[in-house]
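Reader: Could you walk me through how to read a few features of a model like this?

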Protein chains: 2
Amino acid sequence: MGVPLLETKIRSASKEVVIGGNHRFCLIGERINPTGRRIFQEQLRAGDLSAIERDVKAQVEAGADVLDVNMGVPLTDEAELLAKAVTMIQELTDLPLCIDSSVVEALEAGLSAYKGRALVNSITAEDERMEQILPLVKKYDAAVIALPNDVDEIPMDPEKRLLLVDKIVEVATKEYGMAIEDIVIDPLAMPIGADQETAVNTMTTMRGIRDKYGMNMTCGASNVSFGMPGRHGLNGTFLAMAMTAGLTSAIMDARTEEVISSVKAADLLLGHDEWGMAWISRHRAAQAAQAAVAT
Amino acid sequence: MGVPLLETKIRSASKEVVIGGNHRFCLIGERINPTGRRIFQEQLRAGDLSAIERDVKAQVEAGADVLDVNMGVPLTDEAELLAKAVTMIQELTDLPLCIDSSVVEALEAGLSAYKGRALVNSITAEDERMEQILPLVKKYDAAVIALPNDVDEIPMDPEKRLLLVDKIVEVATKEYGMAIEDIVIDPLAMPIGADQETAVNTMTTMRGIRDKYGMNMTCGASNVSFGMPGRHGLNGTFLAMAMTAGLTSAIMDARTEEVISSVKAADLLLGHDEWGMAWISRHRAAQAAQAAVAT
């Protein structure tokens, strides 16, 4: 195994979440995101953030550990929306947030509104992206998700992805003074329907990153099943397999029982659920819910 | 990855099944076994083998690749029963069989009745067991499942299990002239409820065996969840995780949809289901079955 497994600590005003290979898997709820949600987009465009309340509640109840917040709606002031959303969500829950934007000004507005130690989503290995965002991450004492892709390509070859991880680590730690444990790599899970070898390559990349650096990793759990039927089953199985290769968190729909069940089973099997207490209580809750429906 | 991945070939009179790390996972149906089935035991004691017909049909329909046959009922002539069962099953299906007994005479009777190239379940690293069974395996040109446990213990430490695998390989190939690809290791999955580290240790053992020898492996899929609720979910997740460590088959209840679904998802993710054809057709069949129920 080589190097020790690192811990990434993020916080709200009152709650800390530790991401790490010796901890249970960190579920980052992806729901607060207008992409593909037309009604939500229209509401946000009209300055109506009320739908967020329901999304927060559903994800908290489902057991999310962190909530991703993305306010990327075309033709709006994303910075203003994101700052408002962050403030509002922090009044609704004590879960730490992952502040998610491709717009640098929006990230800054979100970070400045945030109370605690956020996770920033995301940088790539592109110099310009690192130059724009890493000073912000550093200024607000946040952690950051980094994708090993470059200006021209998302390399499929694990060796090439590892070289881009090397570059990210080198630049972020040496030029921007980041601690390596505050960089969470997203090794890019691609659709299995487009390339049969992609999941194996992603897991090889993960093993390489874990064994060389012990860094934490996350991924978009649902990418891998894009275009396939039975998506939840595929996503859940992928996460459990990837957890054996070093994946320690995922950005996912925290409301999908089938996916979470795989993750919780993998937590238990990896020795991160003492006496199976979480697994057993989860099962009891499901039984109680079924019994309530039946009566 | 080191060494090439070996192929274990077993056959009925007309059908070959290849177990191997570059093939889809091999499902060995465990159902034809009187252990824990009181009515079936009584029937077998009375010489009534008719229940086997239903067990064969259910497992074939569920997609088993190989059927395990165990006739271990106390106070019966197990050798005679096993030979009869083997003959009967080979009239019902062309799936290859795994001939399963702790009684040497029963294994011999089963092997002599069998048409094709069987899998024998099982030897251990104990000298006496190897001495009794390996000459039979060789005589009938079969393959064999081998458990890395010794007279005194089932070692929990992966290093110790690997030493016992070394011993099995050494003795079976050098003293009995077996081909290494005809030895399938069962690295002993133990209940996670009794020992939190057991699944990790078993997967470490698997990785060690794959990387050193490229040998095929099997396990009793349901052991790991013994004493826990939500067993199918745990078993399926365990198999998918273990497949990333080199597990290439399992002795399992081939009728449990939830477990098979995980295995089939893992086949796809490991690149062993070209274009996802098996995954997609499985999903369509499930939808058709649901539609049939709904009308």
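This is a predicted model: local features need pLDDT of at least 70, side-chain atom pairs count only at pLDDT 80 or more; totals for chains, interfaces and linings use all residues.

Reader: Symmetry, then. What rotation superposes chain A on chain B?

Author: A rotation of 180 degrees, with 0.0 Å of shift along its axis and an RMSD of 0.0 Å. The two copies are therefore related as by a two-fold rotation axis. In chain A, the C-alpha nearest that axis belongs to A:M241, at 2.3 Å. Both copies use the same surface, too: 100% of the contact residues of chain A recur in chain B.

Reader: On to the backbone. Which peptide bond in chain A is cis?

Author: For background, most peptide bonds are trans, and most residues other than glycine have a negative phi. Here the bond from A:N121 to A:S122 is cis, with omega near 10 degrees, and A:S122 sits in strand β6 of chain A. In chain B, a cis bond joins B:N121 and B:S122, with omega about 15 degrees.

Reader: And phi? Where is A:L188 found, and is it buried or exposed?

Author: A:L188 has a positive phi, near 70 degrees, without being a glycine. Its place is the loop between β8 and α7 of chain A. A:L188 counts as buried because its relative accessibility is 8%, under the 20% cut-off. Over in chain B, B:L188 has a positive phi of about 65 degrees.

Reader: Last one: how many residues does helix α3 of chain B have?

Author: It has 15, and α3 of chain B reaches 21 Å from first C-alpha to last, close to the 21 Å expected. Its buried residues include B:L81, B:L82 and B:I89. The buried residues of α3(B) pack against several elements of chain B, among them β3, α1 and α4.

How values were computed:
Residues are numbered from 1 along each chain as its sequence is written. Chains are lettered from A and ligands numbered from 1 in the order in which they are written. Side-chain values use heavy atoms; hydrogens and water are left out. Copies are superposed by least squares on the C-alpha atoms of residues with pLDDT of at least 70 in both. Contact means heavy atoms within 4.5 Å. Helices (H or I, at least four residues) and strands (E, at least two) are DSSP runs, numbered from the N terminus. The expected span of a helix is 1.5 Å times one less than its number of residues. Buried means under 20% relative accessible area, exposed over 50%, partly exposed in between (1.4 Å probe, protein chains only).
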